[in-house]
There are 2 protein chains.
Amino acid sequence: MSQGLLVVLSGPSGVGKGTVCRRLLEICPRLKLSISMTTRPPRSGEREGVDYYFTSASRFQELIRADAFLEWAEVYGHYYGTPTEPVNRVLDQGVNLLLEIDIAGARQVRQRLEQAVSIFLAPPSREILQERINGRGSEDAEAIRRRLAAARREMEAYREYDYLVINDRVEKAAACLAAIIKAEKCKISRGARPTGWEVNRV
Amino acid sequence: MSQGLLVVLSGPSGVGKGTVCRRLLEICPRLKLSISMTTRPPRSGEREGVDYYFTSASRFQELIRADAFLEWAEVYGHYYGTPTEPVNRVLDQGVNLLLEIDIAGARQVRQRLEQAVSIFLAPPSREILQERINGRGSEDAEAIRRRLAAARREMEAYREYDYLVINDRVEKAAACLAAIIKAEKCKISRGARPTGWEVNRV
């Protein structure tokens, strides 16, 4: 059985990673979403083990010291991270795993797991990103201002990624992500091999 | 405007490259099929400028001497080749071009155009390839024997390619090819860039 594919989806704050991920998971039912761990309080409607594993700052720091994270970051005063062990377990089962994480987290994953496929989700324009961030409505003016400033810096990071997908329409962006996963599974450098043929004897 | 993608589809004799290509061109209407030049006589139903450009051996040899081919090969006593100039013209217009060629031809294209995407189409098994070659019915026993021997050698070449697609069902294989093209167009190493955002000032 071949190793599962680790797909890292990132992009600036407010670009719509969550919405695109949900649609992608509908298109690719065998793709599994990695659940992050965080110390930020649950937002309305968020469920433990579905949206995040919610934990305390002291427990999170303990796991950092034990080097138990594939990536972690502190963002706006809260910790976010991906524990390594469940990721490896899923990949070893040959299951493709989707990580929806921020720019700093994606950097760490690429450093630790070279075979990860990294995809940068970009807004169609700065104006549209600004509208989306304003429209979220769950934060105060200062938080919005910080998000916008961060997004401008984060956009520069796209060059570090393997793929760029523009989120102009959710359906189109999700189809691009699905195509990238399908193509990566056909890569000979990733172990794609002919079936029912003795070609490995050389 | 970004450069078009050159997609090289190859695989052993009898694998069904032509059928898969026709289906792919229906799925991707903006993909253009490169027409090869050949010195073999037209088969029943083949049309000049649609299936091939048919030409004489002396004219073909003249073009070889003028280095006018992106790739050429002599197969079963006939010349087959892809003139370079029309390929470059189409790619410069930003159009994606599909080359359906044999193993020897694909090797030359990769040497001359590093940016080509190469895809190896493989049969699901040796037995199925044998059935397909037998079933073609347009050739004598000796030609079939030669094709089978060639196919066995050709299968070993899959390692030289970027992608492997198994042709178990035409529809599935064509969908894989379409996904590979879509994914390649999203590659940052191929020039995919954010739109409506000043990210290139650095």
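Guide: Let's start at B:I119, which, apart from its neighbours within four places in sequence, is in contact with B:V7, B:V8, B:L9, B:Y161, B:D162, B:Y163, B:V165, B:L177 and B:I180. Two residues are in contact if their C-beta atoms, placed from the backbone, lie within 7 Å. Please keep in mind that this is a predicted model: local features need pLDDT of at least 70 and side-chain atom pairs count only at pLDDT 80 or more, while totals for chains, interfaces and linings use all residues. Residues are numbered from 1 along each chain as its sequence is written, and chains are lettered from A and ligands numbered from 1 in the order in which they are written.

A residue is buried if 20 or more other C-beta atoms, placed from the backbone, lie within 10 Å of its own, exposed if 12 or fewer do, and partly exposed in between. In soluble globular proteins, nonpolar side chains tend to be buried together.

Three of the contacts, B:V7, B:V8 and B:L9, lead us to strand β1 of chain B, residues 6-10. Strands (E, at least two residues) and helices (H or I, at least four) are DSSP runs numbered from the N terminus. β1(B) is mostly covered, with five of its five residues buried. B:L6, B:V8 and B:S10 point one way from this strand, while B:V7 and B:L9 point the other way.

What does β1(B) pair with? Strands pair if DSSP finds at least two bridges between them. β1(B) runs parallel to β7(B), residues 97-100, over four bridges, and B:L6 faces B:L97 there. Four bridges also join β1(B) to β8(B), residues 117-122, again in the parallel sense. Along that pairing, B:V7 stands opposite B:V117, and B:S10 has B:F120 as its bridge partner. These strands belong to an open sheet of five, in the order β2-β7-β1-β8-β9 of chain B, with parallel pairing. At its edges are β2 (32-33) and β9, each of which pairs on one side only.

The contact between the chains takes 30 residues from chain B and 30 from chain A. On the side of chain B that touches chain A, β9 (163-166) and α7 (170-185) each supply at least two residues, and α7(B) gives the most, with five. That side divides into 20 nonpolar, three polar and seven charged residues. Here Ala, Val, Leu, Ile, Met, Phe, Trp, Tyr, Cys and Pro count as nonpolar, Asp, Glu, Lys and Arg as charged, and the others, Gly among them, as polar. The copies meet through the same surface, because 100% of the interface residues of chain B are also interface residues in chain A.

Let's finish across in chain A, which has seven helices and nine strands. Buried residues make up 37% of its 202 residues. Its β5 (69-75) and β6 pair in the antiparallel sense over six bridges, with A:E71 opposite A:T82. Two residues lie between these strands in their hairpin, and one to look at there is A:Y76, with a positive phi near 50 degrees. A:Y76 counts as exposed, because it has 12 C-beta neighbours inside 10 Å. A:D67, in the loop between α2 (57-65) and β5 of chain A, also has a positive phi, near 55 degrees. A:D67 is exposed too, with 7 other C-beta atoms within 10 Å.
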